[in-house]
Amino acid sequence: MNDYVKVNEVGPRDGLQSQGKTLAIDERLRMIEVLVACGIPAIEAGSFVSPKAVPQMAGTGELFARLPLREQVDYSALVPNLRGYELAREAGVGAVAVVLSATETMNQRNINMSLAQTVEVCAGLMARARADGLEARAYVAVAFECPFEGLTPPAVVQELTRRMLGAGAGKVIVADTIGAANPAAVQRVLEPLDDLCAAGALSCHFHDTRGMALANVLAALQCGVREFDSSIGGLGGCPFSPGATGNLATEDLVLMLDAMGYRTGIDPLALVPAVRAVQALTGGSLGGHAFRWLERQWNKREEVAHA
């Protein structure tokens with residue numbers, strides 16, 4: 001069994017982009033510093049989108065110039081189009097990700113392009129990133145259900161996944177954008193892609209909207225996936241997708257993986273002060289299913305350390 005699982009923290013991008021409060025660049029940097037201190041190996045630090053559309057992501061280029069431990073942490077950024085890609089490259093971003101929704105209506109509503117057009121744009125960006133020496137990643141969004149079209153056919157997701165990898169993507173992230181997946185659905189999508197799972201070419205992004213994110217992680221693990229997105233404290237959700245609340249909490253993911261014997265390089269208890277710090281920055285109430293238990297264990301450890 002490959003017992004290492006990579007945790008990709010998306011709180012600074014997917015988490016913050018839907019918040020009512022817009023953090024200053026110094027606050028976003030502080031959030032990332034807290035996450036890095038926990039030993040999180042990969043962080044989606046921001047996106048190069050229009051600040052008019054997503055004001056929470058304004059100044060991402062400046063943020064990347066100030067990121068800590070850039071040689072040790074796998075930082076990435078989301079780019080929506082060629083202009084965003086060029087801005088990311090100018091900022092020295094080493095890994096870029098595009099978002100390709102798996103249904104016609106989601107693409108039309110989100111970016112005013114057809115599915116075919118979006119595939120071409122994303123494929124072009126993947127090829128461009130690969131040619132420029134950047135790590136190229138592609139999200140296949142609404143991979144299980146679309147808020148406008150209902151259930152997404154697994155064959156469509158599988159075809160788009162292979163198309164993005166063929167275009168130059170080093171990894172495809174299968175994304176349950178509205179938290180509608182279940183373990184059986186995860187298996188239906190991933191089992192025909194077992195060659196890609198075994199090769200480490202797939203990651204998964206689950207939302208906990210219906211309380212099934214960890215069950216879906218387990219199903220993906222059984223299919224061979226060894227990388228998952230998560231968000232500290234369960235922060236965030238896509239602002240452009242109705243019902244997309246509740247990212248999988250990083251502390252829930254890490255605790256379950258740790259209890260199962262998988263290695264992440266992250267101490268689950270170290271995430272307690274991180275949740276508290278991000279909660280203070282955002283002004284919201286955060287914490288996954290396991291947070292109160294983790295908090296009690298962390299408090300006990302602190303009491304012993306200071307006894």
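**Salt bridges and barrel strands in a predicted model**

In this predicted model, R128 and D132 form a salt bridge, with their closest N and O atoms 3.0 Å apart.

Q: Is D132 buried or exposed, or partly exposed?
A: The relative accessible area of D132 is 25%. Buried means under 20% and exposed means over 50%, with partly exposed in between. Because 25% falls between these limits, D132 is partly exposed.

Q: Which residues are linked with E135 and R137 in a network of salt bridges?
A: E135 and R137 meet in a salt bridge. The network that links them also holds K6 and D74.

Q: How many residues apart are E145 and R210?
A: The side chains of E145 and R210 meet in a salt bridge, at 3.9 Å from N to O. E145 lies in strand β6, whereas R210 lies in the loop between β9 and α10. The pair therefore links distant parts of the chain, and the separation is 65 residues.

Q: Which residue in β5 stands opposite V99?
A: Strand β4 covers residues 95-101 and strand β5 covers residues 135-141. These strands pair in the parallel sense over seven bridges. Opposite V99 stands Y139.

Q: What is the average twist from one strand to the next in the barrel?
A: Eight strands close into the barrel in the order β1-β2-β3-β4-β5-β8-β9-β10, with parallel pairing. From one strand to the next, the twist averages 25°.

Methods: Residues numbered from 1 in each chain as written. Predicted model: local features only at pLDDT ≥ 70, side-chain atom pairs only at ≥ 80, totals over all residues. Heavy atoms only, no water. Pairing = 2+ DSSP bridges. Helix = DSSP H or I, 4+ residues; strand = E, 2+ residues; numbered from the N terminus. Axes fitted to C-alpha atoms, helices over the stretch in contact; angles between N-to-C directions. Salt bridge = Lys/Arg side-chain N within 4 Å of Asp/Glu carboxyl O. Buried < 20%, exposed > 50% of the residue type's maximum accessible area, 1.4 Å probe, protein only.
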